[in-house]
Amino acid sequence: MKKIIAFAGTNSKTSINKELAIYASSLVEDVSVDILDLNDFELPIYGIDLENEKGIPDNAKTFLAHIKSSDGIILSLAEHNGAYATVFKNIFDWMSRIDGKLWSEKPMLLMATSPGARGGATVLDVAKGRFPFMGGNIVADFSFPSFFDNFSDGKITNTELNTVLKNKAKTFTEAL
C-alpha cells in the first residue's frame, strides 16, 4: 500500500489549511495517510552560525525522513503577508541544508486556503515557482477561496469547488 503524508504549512492549532489537507487526503483511495503537524517538529530559527555551532536539529532530520519515506505529499500552505508562514519557511530552510532537493520528486498536491476570496493564491504562486528547484513534483494544485463560506463539518460544502478538488485528488492519486 502506498503511503502519503499530509500537513499544513503553519503551526496554528486551529489551522484551516490543516483541515483542508486532512480533507484532501481523505479523497485519495487505497493509501495510508500520515497527518503531520509542524508543532511536533519545533526548531530554532535557521541561521548559518547556529548550524555551524550546533549542526542540524533532529526535528529537521525527522521531518525530512517523513518526506523521503512517503510516496506522495499533500501540503496546504498558510499565507502570511503574501508568503509562507515563518514556521514553514524555517523547517523548509533547515531541511534544504540536509538535501537541496528535499521534496525528492515525490508527487505533490499543493494547496492553499484563506478566509478571503483569493484563497492563498499568492503563497501558492510563490511555492509553485520555488518548489520545482527543490525537487518538487507538483502534479496538482488547488487554491480554495473563502474557507469559512465553503467548508463545514470537515468537508467542502461548495459543490463546484468540491468537484475541482476531487479531480485534483484523482490526478494526484494517479501520479503515486
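Predicted model: local features only at pLDDT ≥ 70, side-chain atom pairs only at ≥ 80, totals over all residues.

Biologist: Which side chain does lysine 18 meet in a salt bridge?
Modeller: That's aspartate 37, at 2.9 Å from N to O. The pair links distant parts of the chain, 19 residues apart: lysine 18 sits in helix 1, aspartate 37 in the loop between strand 2 and helix 2.

Biologist: How many salt bridges does the count come to?
Modeller: 7. Another one joins glutamate 51 and arginine 97, at 2.7 Å from N to O. Those two are 46 residues apart, with glutamate 51 in helix 2 and arginine 97 in helix 4.

Biologist: And is glutamate 51 buried or exposed?
Modeller: Buried, with a relative accessible area of 13%. Arginine 97, on the other hand, is partly exposed at 42%.

Biologist: What about lysine 89, what does it form a salt bridge with?
Modeller: Aspartate 93, with the closest N and O atoms 2.7 Å apart. Both lie in helix 4, about one turn of the helix from each other.

Biologist: Switching to packing: at what angle do helix 3 and helix 4 pack?
Modeller: About 80°, with their axes 9 Å apart. That makes helix 3 roughly perpendicular to helix 4.

Biologist: Which residues make the contact?
Modeller: Among them are Phe63 and Leu64 of helix 3, and Trp94 and Met95 of helix 4. The contact residues divide into 8 nonpolar, no polar and 1 charged.

Definitions and conventions:
Residues numbered from 1 in each chain as written. Heavy atoms only, no water. Axes fitted to C-alpha atoms, helices over the stretch in contact; angles between N-to-C directions. Helix = DSSP H or I, 4+ residues; strand = E, 2+ residues; numbered from the N terminus. Parallel < 35°, antiparallel > 145°, perpendicular 65-115°, else oblique. Contact = heavy atoms within 4.5 Å. Nonpolar A, V, L, I, M, F, W, Y, C, P; charged D, E, K, R; others polar. Salt bridge = Lys/Arg side-chain N within 4 Å of Asp/Glu carboxyl O. Buried < 20%, exposed > 50% of the residue type's maximum accessible area, 1.4 Å probe, protein only.
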